[in-house]
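Welcome! Have a look at the structure below, then try the exercises that follow.

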Amino acid sequence: MKHVTRKASLQVNQNEGLIFEKSSAGKAAWKLPPLDVPEVDTAKLLGASERKELGNMPEVSEIEIIRHFTRLSTWNYAIDLGMYPLGSCTMKYNPRVNEAVARVEGIANGHPYQPEKISQGALRILKTLSEQLIEITGMDAITMQPAAGAHGEMTGLLMVRAYHQSQGNARKKILIPDSAHGTNPATAAMVNYAVENLKSDSRGMVDIAALATQMSEDVAALMLTNPNTLGVFEQDIHKIADILHAKGGLLYMDGANMNALVGKVRPGDFGVDVMHLNLHKTFSTPHGGGGPGSGPVAIKKSLEPFLPTPVVTTKADGTLAFDYNRPQSVGRVRAFYGNFGMFVRALAYIQANGPDGLRQTTEDAVLNANYIRKGLEGTYDLPYSTPTMHEVVFSDKLQAKKGVRTMDIAKRLIDYGFHPYTTAFPLIVPGALMIEPTESESKEEMDLFIEAMKSVAEEVEEDPQTVLEAPHSTRVSRLDETAAARKPVLRWKPPV
Amino acid sequence: MRYLPKSPADREAMLKAIGLRSVDDLFAQIPAEYRLSRDLKIPRQMAESEIVDFFRQRSRENGEGHASFLGAGAYAHYRPVIIDSLISRGEFLTAYTPYQAEISQGTLQSIFEFQSMICELTGMEVANASMYDGSTAAAEAVMMAVRLTGRRSVVVARSLHPEYREVLATYATHQGMPLSVMGFGNDGRLNLHELEKSITAETACVLIQSPNFFGTIEDVAAIADVAHKNGAMLVVSIAEAVSLGIVEPPREADVIAMEAQSFGVPLGFGGPYCGVIATREKFVRQMPGRLAGQTVDKQGRRGFVLTLATREQHIRREKATSNICTNQALVALMVNIFMTVYGKVGLKELAKQNLAKAAYASAQFAKQANVLFGSAPRFNEFVVQTSEDPIAINSRLLEHKIVGGLPLKKFYPELGNAALWCCTELTTRTAIDTAVARVAESGRSDRSTREEVAEVTR
């Protein structure tokens with residue numbers, strides 16, 4: 001490497017095969033206690049339904065399992081190792097007390113169908129978190145049932161549809177800005193709404209004139225991410241809401257970027273009717289390599305009758321209970337009550353922060369994004385000069401002249417000890433570099449990041465090939481994704 | 001604030017570097033009338049010790065220390081200690097979705113192993129990286145069948161978990177997918193005659209659960225015959241994954257929608273759990289959710305990537321197979337570790353213990369009450385019908401710190417005073433005997449009432 005990085009150095013890591021390759025008959029990592037009831041004759045009990053063999057399931061010992069997964073873990077990058085500037089993903093610190101309290105016995109082992117009398121602890125957690133999220137969003141009511149952001153979007157749009165149906169017309173389409181996440185149009189399709197694309201203006205915001213033209217009595221809602229995926233706050237939000245409301249439409253807010261707003265401004269105050277939150281973004285529950293998430297949906301009063309069942313209520317004697325008798329409900333979107341373990345973690349996060357901590361968190365997240373913007377402006381092309389909130393979007397326009405694209409720069413960043421930013425999104429910026437530092441980064445870590453990004457830019461000028469072939473320091477180099485998709489190998493099979 | 005790595009001097013220096021005077025300048029683009037000028041009305045910052053106290057208190061109010069006979073889609077199995085040791089490693093816990101394959105090989109290889117083991121256990125050819133849970137996996141599997149067959153109507157077994165049915169109804173309503181529900185016979189299994197009558201040339205799929213909600217194992221082959229004869233697909237939901245250790249998997253199914261919670265995932269008051277969809281290779285391009293696949297790098301070394309992404313929302317937007325993005329990755333890792341710990345022999349032995357406990361318990365209950373659906377094989381759940389309301393029996397049991405079976409009146413009023421009981425390897429003979437004795441009390445009180453009535457009449 002021509003330019004030395006201060007962030008990382010190379011380290012030996014262990015090779016490890018697939019678990020199946022370590023298996024041999026007679027090894028075991030389990031031991032059951034002796035049976036305290038009579039043994040049974042399986043063949044007699046199950047007849048033709050008895051299973052005779054379990055195929056190629058592995059047989060390994062405990063130490064091998066520990067080493068196997070520990071070795072695999074060392075091949076991953078993680079927030080715990082350093083900055084993870086994925087735009088739109090909000091990769092913030094995951095506090096460990098959240099994990100500890102989620103594992104307290106009565107919370108970890110509570111059965112969803114245990115009597116309400118002995119579920120008061122879980123119900124209290126549900127209710128407390130609900131109330132606090134309502135206060136944070138400025139909305140009137142909430143459902144905690146959706147399992148992730150996209151699931152929340154679906155739940156929100158089902159409520160939108162039910163609301164319009166109750167007004168006599170379900171309406172036909174959803175307006176979605178061209179800067180939106182892919183889940184927005186995919187969700188609209190799942191609830192059988194047509195998607196109509198809405199252009200952004202030269203500032204990267206909703207084109208108000210276009211919205212006014214496209215808005216009609218056929219439009220059920222606008223799905224708006226605010227701040228949008230450029231990290232820009234929709235300044236004309238009140239006009240947007242007015243245009244929708246004047247024609248009876250609803251304003252749906254994708255709360256993916258709520259980390260820019262908590263404690264500073266509330267969507268309920270600026271005209272939003274329905275919104276989802278991602279507890280695994282704003283409220284610090286771990287991403288865990290892709291999930292679990294949690295996607296509560298907060299709504300205004302007018303939509304409350306349509307909430308999924310059940311909802312938590314307080315009985316006359318002060319105890320809490322589930323209310324299933326909700327005739328106008330959109331129904332259930334998931335068995336039981338949602339990803340409860342994530343509620344525990346999110347509530348612990350809010351408790352650790354308090355009102356001042358949440359506000360400071362938001363301020364630091366926005367401060368960090370602007371610091372990076374300032375540090376990289378000039379080195380990378382900034383397609384929209386509109387003020388930045390929690391994330392900043394550059395483009396690879398300057399580097400593309402040398403044939404280096406955003407993905408190449410991202411891969412080279414790995415050699416500098418960083419996880420890449422989000423590449424090639426939002427779609428309105430060709431060759432986008434979407435950077436969201438979150439509040440969890442210190443000034444030192446961001447200075448290292450800025451230094452690394454500048455260094456890569458220099459490499460692009462002096463030695464583009466090094467960047468094009470990156471990463472150079474990882475266990476594997478760039479993988480053949482085309483081959484993976486053309487002839488998919490999706491499971492291990494024993495060698496013949 | 002203890003999670004924020006900045007001193008006031010750092011913030012000052014950064015603002016200065018940006019060329020701003022105060023933090024408020026960072027929020028200038030938000031119209032002033034919407035900016036919050038007060039504190040959020042939430043409690044003050046709490047110390048870590050206070051947070052731990054708060055949740056310990058909630059835990060004490062939440063059935064801590066009870067033995068339980070509840071199953072019904074959420075099962076209490078032992079969780080090997082190494083599951084939490086391993087998933088607590090920050091490299092798993094605090095990583096994102098493995099889109100950057102070169103620095104995500106740990107997550108990717110573990111997903112590949114997960115998919116492989118799910119295939120081994122279900123007898124299917126491909127499995128995805130996870131879905132939210134068993135209920136949404138079932139709904140998505142049905143929508144998959146609708147796309148594959150080009151037909152729209154769906155036949156659903158009444159013996160499918162009632163909440164799964166509710167979720168399917170929610171998903172189906174706005175897709176214009178008519179649902180018809182098929183009853184069960186005296187053996188608790190799907191009524192085949194009714195199926196033959198209700199299936200039509202418009203039926204995209206038949207959705208059943210096996211072992212079904214009552215714990216009874218369905219005659220999957222016979223149901224598959226009827227479905228396939230009519231050009232429909234068979235989707236089988238599996239809610240109790242441990243059954244796969246001893247019960248033949250539904251190999252005749254076209255799609256399997258599974259809930260893998262039993263494999264090392266805490267009950268956690270209903271979630272997060274781990275759904276999975278498994279199917280035939282030929283259907284993979286209509287499968288929702290992420291998939292890890294094997295490939296090679298530029299030097300020809302084995303590696304893994306997320307693949308067939310053209311099915312997914314971030315590429316196809318409104319034409320995607322589903323809107324799912326975030327799934328249950330860390331929970332799938334728990335499941336993966338559990339499957340690895342028990343493996344080929346352990347899973348079978350584990351399932352056998354479940355079978356034995358339930359067989360003992362159902363035989364004991366049968367001496368005091370009416371155990372339904374005895375003529376068909378079952379795994380670790382069974383339905384007990386009593387003369388007394390099971391809610392009354394359960395409240396007596398609660399005094400012994402035992403949570404009795406799930407009263408079924410809410411879901412199946414036609415079964416009268418019935419409750420669904422579940423035994424796992426963690427259920428002790430003592431707890432079973434105590435529970436049976438409390439049921440016997442109702443039998444006795446009922447008998448004595450009858451005798452009194454008889455005496456009076458005499």
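**Exercise 1.** Find how strand β3 (residues 153-157) of chain B is joined to β4(B).

*Solution.* Start with the direction: the two strands run parallel, and 4 bridges join them. Strands here are DSSP E runs of at least two residues, helices are H or I runs of at least four, both numbered from the N terminus. Two strands pair if DSSP finds at least two bridges between them. Next, pick a residue: B:Val154 stands opposite B:Leu179 in β4(B).

Before going on, note that this is a predicted model, in which local features need pLDDT of at least 70, side-chain atom pairs count only at pLDDT 80 or more, and totals for chains, interfaces and linings use all residues. Residues are numbered from 1 along each chain as its sequence is written, while chains are lettered from A and ligands numbered from 1 in the order in which they are written.

**Exercise 2.** Which residues of α7(A) are buried?

*Solution.* Count a residue as buried if 20 or more other C-beta atoms, placed from the backbone, lie within 10 Å of its own. The buried residues are A:Thr183, A:Asn184, A:Pro185, A:Ala186, A:Thr187, A:Ala188, A:Ala189 and A:Met190. That is 8 of the 8 residues of helix α7 (residues 183-190) of chain A, so the helix is largely enclosed by the rest of the structure. Just after α7(A), A:Asn192 takes a positive phi of about 65 degrees.

Terms used. Buried ≥ 20, exposed ≤ 12 C-beta atoms within 10 Å, placed from the backbone.
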